[in-house]
Amino acid sequence: MHRVVGVAGERVEGRGEAIAVDGELLEEPYLAEDTDTSSPPFDETLVPEGHVFVLGDNRDFSCDGRVWGTLPAENVIGTVVARYWPPSRIGRP
């Protein structure tokens with residue numbers, strides 16, 4: 001599964017062993033504990049209008065935004081109908 005971690009206007013970067021969005025480290029409790037979240041490392045990317053930045057949950061084997069950059073939003077298939085993580089935000093978006 002891939003997750004959108006950055007939307008238009010946000011800056012996403014691999015920072016050490018973490019991902020930062022607009023300078024704030026991204027909390028990713030859905031990843032396995034031993035996951036190297038930013039490997040391969042990548043420089044700051046400004047997400048352009050009409051695009052998103054996605055990362056795979058299985059980072060060690062994912063081909064995602066770290067490799068091919070931003071994704072045109074028109075290529076995203078699916079609609080969020082409910083949020084189940086984190087538990088404090090369960091419900092409809």
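Two strands count as paired if DSSP finds at least two bridges between them. Strands themselves are DSSP runs of E with at least two residues, numbered from the N terminus.

The structure is a predicted model, in which local features need pLDDT of at least 70 and side-chain atom pairs count only at pLDDT 80 or more, while totals for chains, interfaces and linings use all residues. Residues are numbered from 1 along each chain as its sequence is written, and side-chain values use heavy atoms, with hydrogens and water left out.

**Sheets**

Five bridges hold E1 to E6, and two bridges join E6 (residues 51-56) to E7. Val-52 in E6 takes part in both pairings: Val-7 stands opposite Val-52, and the bridge partner of Val-52 in E7 is Leu-71. His-51 stands opposite Pro-72 in E7.

A second open sheet has four strands in the order E4-E3-E2-E5, also with antiparallel pairing. Its edge strands are E4 and E5, each of which pairs on one side only. Strand E2 (residues 11-15) and strand E3 (residues 18-21) are paired over four bridges, and Arg-15 has Ala-18 in E3 as its bridge partner.

| Strand pair | Sense | Bridges |
|---|---|---|
| E1 and E6 | antiparallel | five |
| E6 and E7 | antiparallel | two |
| E2 and E3 | antiparallel | four |

**Burial and rings**

Accessibility is classed by relative accessible area (buried under 20%, exposed over 50%, partly exposed in between, with a 1.4 Å probe and protein chains only).

Rings of Phe, Tyr and Trp (its six-membered ring) pair if their centres lie within 6.5 Å; planes under 30 degrees apart count as stacked, over 60 as edge-to-face and the rest as tilted. The count comes to one aromatic pair. The rings of Phe-42 and Phe-53 have centres 5.4 Å apart and planes at 25°, so this pair is stacked. Phe-42 is in the loop between strand E4 (24-25) and strand E5 (45-46), and Phe-53 is in strand E6, eleven residues apart. Both Phe-42 and Phe-53 are buried.

A charge sits over a ring if NZ of Lys or CZ of Arg is within 6 Å of the ring centre and within 35 degrees of the ring normal. Arg-3 lies over the face of Tyr-30, at 3.7 Å from the ring centre.

**Largest pocket**

On a 1 Å grid over the protein atoms alone, a pocket is an open set of points where a 1.4 Å probe fits, with protein on both sides within 12 Å along at least five of seven lines; lining residues have an atom within 4 Å of a point. The largest pocket holds about 950 Å³ of space. It is lined by 24 residues, and those closest to its centre are Arg-3, Val-4, Val-80, Arg-83 and Trp-85. E1 gives the most to this lining, with six residues.

**Segment after E7**

Ala-73 is found in the segment after E7. Ala-73 counts as partly exposed because its relative accessibility is 35%. Ala-73 and Met-1 are 72 residues apart in sequence and 16 Å apart in space, C-alpha to C-alpha.

How values were computed:
Grid points are joined across faces, edges and corners, and a volume is the space filled by probe spheres set on the points.
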